[in-house]
Amino acid sequence: MNTLKTIQVLAKIGRIISKIIFILCIVGFCCCAIGIITLAAGTGSIVIGGVTIHSIIENEAGLSLGAMYAAMAVGIVLCAAEAVLCKFAEIYFKNELKDGTPFTLRGAKELLMLGILTVAISLGAVIICSIGLGIARHFVDDIEKISLSGFGSVGLGISMIILSLFCRHGAEISEENSELKAGKEQ
């Protein structure tokens, strides 16, 4: 039973981390949206010590105004996608903790769905951002510096799908053992 306790502790940690990342994604989404709005409203022309905020960002980051818009738009899409995945992960961990084991048919189904969503949402977000950046590259020169290489979670999603099969098999074995035990008692 020590292994089950370890799994439950990891599920508690997973639930907490999912909540934290969800909140951070919401904050990141809002910050990117506020950044776009403030740049569009002209607050980039605020002067501090004789230097504008826009010029500080442009010099330090090496991005033009158009590239900053593009980077924040990418940030909005990626934060939204990750927030959705974190909410689904939080629900999975909450239900797993309520069940007391990952070896339930419902839990295996939820983990399978989480794996599929991880693959689909991460790929969808990267594709949407790539298309948007491709279009924007025709209008802004230095957008090539914006990278999407670290977001695709296909490997993680496939791992969840495979792990869901192990959990389903464990649930089926547990169910068979319960039926055998019930048959012997009669």
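This is a predicted model: local features need pLDDT of at least 70, side-chain atom pairs count only at pLDDT 80 or more; totals for chains, interfaces and linings use all residues.
Residues are numbered from 1 along each chain as its sequence is written, and side-chain values use heavy atoms, with hydrogens and water left out.

Figure 1. Let us start with the overall picture. Helices (H or I, at least four residues) and strands (E, at least two) are DSSP runs, numbered from the N terminus. Along the sequence they come in the order α-β-β-α-α-α-α. The C-alpha trace spans about 85 × 30 × 25 Å along its principal axes. The radius of gyration of the protein is 23 Å, whereas a compact globule of 186 residues would have one near 16 Å; the radius is taken over C-alpha atoms, and the globule rule is 2.2 Å times the number of residues to the power 0.38.

Figure 2. Of the 186 residues, 34% are buried (buried means under 20% relative accessible area, exposed over 50%, and partly exposed in between, with a 1.4 Å probe and protein chains only). There are 14 positive and 15 negative side chains, and the centres of the two sets lie 10 Å apart. Lys and Arg count as positive and Asp and Glu as negative, with His and the chain ends not counted; each charge is placed at NZ of Lys, CZ of Arg, CG of Asp or CD of Glu.

**Figure 3. Cysteines in a structure with zero disulfides.** A disulfide is a pair of cysteine sulfur atoms within 2.5 Å. For cysteine 79, the closest cysteine sulfur is that of cysteine 25, and the 5.2 Å between them is too far for a bond. Cysteine 129 has the sulfur of cysteine 79 as its closest, but at 10 Å this is also too far for a bond. Cysteine 79 is buried at 18% relative accessible area, and cysteine 129 is buried at 4%.

**Figure 4. Serine 153 and serine 122 in contact.** Serine 153 sits in the loop between α4 (105–137) and α5 (154–185), while serine 122 belongs to helix α4. Serine 153 counts as buried because its relative accessible area is 19%; for serine 122 the value is 0%, so this residue is buried too. Contact means heavy atoms within 4.5 Å. Beyond four places in sequence, serine 153 touches Thr118 and Ser122, and the partners of serine 122 include Phe151, Gly152 and Val154.

**Figure 5. Phenylalanine 103 in the loop between α3 (65–99) and α4.** What does phenylalanine 103 touch, leaving aside neighbours within four places in sequence? Its partners are Phe166, Cys167, Gly170 and Ala171. The C-alpha atoms of phenylalanine 103 and arginine 168 are separated by 6.3 Å, although the two residues are 65 apart along the chain. Phenylalanine 103 is partly exposed, at 36% relative accessibility.

**Figure 6. Isoleucine 143 in the loop between α4 and α5.** Is isoleucine 143 buried or exposed? With a relative accessible area of 0%, isoleucine 143 is buried. Not counting residues up to four places away in sequence, isoleucine 143 touches Ala67, Ala70, Leu133, Ala136 and Arg137. Alanine 71 is 72 residues away in sequence, yet 8.2 Å away in space, C-alpha to C-alpha.
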